[in-house]
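Biologist: Please show me the model, and then I will ask about its fold and one of its residues.

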Amino acid sequence: MKKINKKVLVLIIMLIVISIILTINFFVQKFNKNLNNGNNIVSKNIQEIEEYILNISSFEAKIEVTVESNKNTNKYIIEQRYISPNTENQIVLEPANIAGLETIYSDGTLKLNNTKLDLQTVYEEYKYVTYNNLWLNSFIKEYKESNEKNIKENEANFVMTVNTENDVKSLYIDKSTGNPTKLLVQDKNQKNTIYILYNEIKINTLNK
């Protein structure tokens, strides 16, 4: 049996190594492509994120709300569901004295439900938990209609801001997920009036 020439042997080994590298590279690229397809919001630029937020058709969220006035500060834990164009459902989880308060708005009709409490008991709190400012879709509507708006980015977030007659609203969107993380409402003196944390949010998962 003839011995294989050293040069030929080296060439064969190099071809095998190159083949292995190309194969690995092929599967890595395929994996990354599939990963990006599954999380296509993550890699979007500032214009694409703006378009994505403005075209939200539904969402369900669990939010932590802080409402500040000259007299006091009120905090709430609330669950929200919204389906375009005009269906809203919201239920208060905390504080305990108004837990179970549910507001339902659909096709121009507003309903207030609470099987636990007399409505007279919750009237003082009612004005806070039905603020339009608590709703992501209300922010989106104002942003679309406003001439005083902008979107910027920092290291971690995109920030969509709209100036209204009475206040300034800023929506923060996490770059790594494409999801809203907080909504800040300030008066013209830059004092916080409403601060919303999106502890949980799912976008475009609901059908009417």
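The questions below go from the whole chain to a single side chain.

Biologist: How many helices and strands does the protein have, and in which pattern do they follow along the sequence?

Modeller: This is a predicted model. Its secondary structure consists of 4 helices and 10 strands. Read along the sequence, the pattern is α-α-β-β-β-β-β-α-α-β-β-β-β-β.

Biologist: What share of the residues is buried?

Modeller: Buried residues have under 20% relative accessible area. The protein has 208 residues, and the buried share is 33%.

Biologist: Where is glutamine 80, and is its side chain's residue buried or exposed?

Modeller: Glutamine 80 belongs to strand E2, residues 73-83. Its relative accessible area is 1%. The cut-off for buried is under 20%, so glutamine 80 counts as buried.

Biologist: Which polar partners does the side chain of glutamine 80 have?

Modeller: Beyond four places in sequence, glutamine 80 touches several residues, including Phe59, Ile63 and Trp135. Gln90 and Leu134 are also among the residues touched. The side chain of glutamine 80 makes polar contacts at 2.8 Å with the side chain of glutamine 90 and at 3.1 Å with the backbone oxygen of leucine 134.

Note on methods. Residues are numbered from 1 along each chain as its sequence is written. This is a predicted model: local features need pLDDT of at least 70, side-chain atom pairs count only at pLDDT 80 or more; totals for chains, interfaces and linings use all residues. Side-chain values use heavy atoms; hydrogens and water are left out. Helices (H or I, at least four residues) and strands (E, at least two) are DSSP runs, numbered from the N terminus. Buried means under 20% relative accessible area, exposed over 50%, partly exposed in between (1.4 Å probe, protein chains only). A polar contact is a pair of N or O atoms within 3.5 Å; within protein, one must be able to donate a hydrogen and the other to accept it, and residues adjacent in sequence count only if both atoms are side-chain atoms. Contact means heavy atoms within 4.5 Å.
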